[in-house]
Amino acid sequence: MGIVEELESSIDIVDLVSKYVKLTKSGANYKALCPFPGHNEKTPSFMVSPSKQLAYCFWCHKWGGALKFIMDIENIEFKEALQILASHAGKKLEWYNFKENKIQKNIYSLYKDATNYYKQALQNNPEILKYLYDRWLKNEDIQNFNFWYSDSGIWLYNYLKEKWYEDKLISDSKIFLDIKQRKDKFIGRITFPIQNIRWDIVAFTARIVWKWEPKYLNSPTTPRFDKSSILYGLYQGKSEIVKKDFVIIVEGQMDVVSMHSHWFKNTVAVSGTALTEKHITNLKRLTHKIYLCFDWDKAGEKATKLALETIKNKDVEVKIILLPEWKDPDEILKSGEDFQKYIDNALSPIWYYIEKSNFNINSIEDKKRLLKELLTIIKSFSDPIEKDFYLKEISKKLNISESLVYDAFNKIRLEKNFVTEEKIKKIFESWEIAIWYILLWDEKYNSLFQENLIFKEYLNKDLIELLNWELKLEELPIEKRDTYKAISMKISDENSSKSPEHIEEEIKKIIQKINLDTYKKITEDLKQKMKSWDEQAFLEYNEVIKKAKKYGIK
């Protein structure tokens with residue numbers, strides 16, 4: 001039996017895949033939204049078969065066993081995937097001597113050995129253990145999050161040397177400020193590891209015990225520790241996130257520990273950075289519901305609004321847990337207060353904007369200005385159901401009739417400054433772009449294009465995806481996306497008085513012009529190739545001519 005077969009036979013692929021995506025039982029198999037990079041969907045097409053030990057996406061057609069799944073999901077090469085698989089199986093590949101992988105493997109191993117040393121140091125310092133107990137931490141918390149203590153850089157260095165680590169690797173670990181003086185960066189601090197979703201230790205964070213500053217020290221960004229993608233507590237909390245089908249995001253690591261200790265184990269924290277699209281992508285594999293729980297102060301408000309902007313149009317339901325002044329989750333939980341009530345009373349984004357606004361909603365002028373601000377925010381949302389929900393919320397919260405709110409919104413979304421007449425005229429010089437706006441205006445006209453476009457395969461890639469409804473509008477650059485939306489609205493406004501039959505006739509005329517222009521371009525390109533005696537061009541030219549005659553184009 002080869003090494004791959006040996007590893008894959010010792011792993012349950014359902015268990016492996018569930019570390020990356022939320023699986024739901026479906027007969028003898030399991031299904032989920034496709035987790036592979038570059039494929040976003042709303043209807044599950046990804047299946048995992050326990051009996052065949054295979055994973056397969058029926059849409060993007062990526063498939064394979066445990067090793068292939070790791071290679072695709074992590075976007076890595078065979079050698080690195082093999083090491084990850086071995087780690088998951090609890091096996092070592094020390095004899096498997098891949099030079100490129102050696103440094104990475106040994107770094108992970110070094111971090112594990114350093115953690116083992118620090119854990120023993122914690123047990124040897126009872127006053128530090130007492131400090132943790134005084135902060136309401138239980139032995140279970142200390143074990144679960146691998147709390148430990150840095151007592152001596154010299155002893156740690158000697159310990160690592162006994163494990164046969166070279167000085168260069170010890171230096172590359174970024175644990176030591178000065179390897180020559182054996183000066184441990186985290187000396188005198190309670191320290192705990194940061195793990196990625198694959199359970200590898202990739203960095204450390206350390207908190208002061210006594211009174212010197214700074215309060216927290218973190219490992220620097222490295223190829224292993226990308227703060228924009230790693231969430232603290234995700235490894236410990238992923239199964240609970242899947243079970244409860246929502247995640248709570250807080251600011252501090254101690255908040256995560258406290259939340260887990262009080263049975264809110266579906267909690268994670270950012271690691272010294274704002275919430276990013278990479279964070280959201282990783283979380284969407286487990287749930288599509290996010291609760292933001294940042295501090296009550298101005299910095300927390302700024303972080304919340306920035307996160308809302310990042311989450312927007314990512315096919316995620318988001319709510320905001322509003323905390324009382326001067327309180328963080330850790331303090332609320334330690335006071336004995338029921339944190340569940342804050343979760344139950346979480347706000348929608350629009351409700352949060354209203355709560356945090358400086359406008360007096362009892363003033364007519366303030367209410368008008370606030371309404372305009374809120375409607376401008378809603379205009380940037382792509383989902384019509386989401387827009388409808390928020391517009392009704394505004395009506396309720398500001399005590400304004402729904403009809404007035406919808407009228408005001410329709411005026412704002414069609415404002416002239418949103419897109420100029422010159423831009424519209426210039427864009428419609430290209431019939432391909434014209435298709436964009438017609439389809440984005442009303443999806444029902446898609447069938448007209450599908451049935452009457454003769455040379456669809458020669459259109460540009462984005463347009464083909466749009467015709468097949470694979471291209472996600474929300475993934476386009478903001479300026480391009482908003483331009484498309486605005487012109488689609490313009491088309492809708494200009495055609496509001498026309499009958500459906502009249503509109504269809506106009507679209508068919510556009511399609512006829514597209515077919516003729518495409519035919520001319522294809523044949524001209526093929527004729528140039530035929531001059532060089534391109535055999536394939538001759539064959540393709542004959543097929544194009546046949547198709548043109550069949551549909552009366554030539």
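**Helix, sheet and cavity**

Me: Which elements are included in what covers the buried residues of α13?
Reply: This is a predicted model in which local features need pLDDT of at least 70 and side-chain atom pairs count only at pLDDT 80 or more, while totals for chains, interfaces and linings use all residues. Residues are numbered from 1 along each chain as its sequence is written, and side-chain values use heavy atoms, with hydrogens and water left out. In α13, Gly 300, Glu 301, Thr 304, Ala 307, Leu 308, Thr 310 and Ile 311 are buried (under 20% relative accessible area, 1.4 Å probe, protein chains only). Their cover, by contact (heavy atoms within 4.5 Å), includes α12 (277–284), β15 (289–293), β16 and α16 (349–356).

Me: Which residue with a positive phi follows α13?
Reply: The phi in question lies near 60 degrees. The residue that follows α13 with this value is Asn 313.

Me: Which strands stand at the edges of the five-stranded open sheet?
Reply: The order is β12-β14-β13-β15-β16, with mixed pairing (two strands pair if DSSP finds at least two bridges between them). Each edge strand has a single partner, so one side of each is left without a neighbour in the sheet; these strands are β12 (231–232) and β16 (317–320).

Me: Which residue of β14 stands opposite Ile 249?
Reply: β13 (residues 247–250) and β14 (residues 267–270) pair in the parallel sense over three bridges. Opposite Ile 249, β14 places Val 268.

Me: Which helix supplies the largest share of the lining of the largest cavity?
Reply: On a 1 Å grid over the protein atoms alone, a cavity is a set of points where a 1.4 Å probe fits but cannot get out, and lining residues have an atom within 4 Å of a point. The lining of the largest cavity divides into four nonpolar, three polar and four charged residues, among them Trp 136, Ser 258 and Lys 334. The largest share, four residues, comes from α11.

Me: What percentage of the 554 residues of the protein count as buried?
Reply: The secondary structure comes to 26 helices and 16 strands. Of the 554 residues, the buried share is 48%.

Note on methods: 1 Å grid on protein atoms, 1.4 Å probe; cavity = no way out; pocket = protein on both sides within 12 Å on 5 of 7 lines; lining within 4 Å. Helix = DSSP H or I, 4+ residues; strand = E, 2+ residues; numbered from the N terminus. Nonpolar A, V, L, I, M, F, W, Y, C, P; charged D, E, K, R; others polar. Buried < 20%, exposed > 50% of the residue type's maximum accessible area, 1.4 Å probe, protein only.
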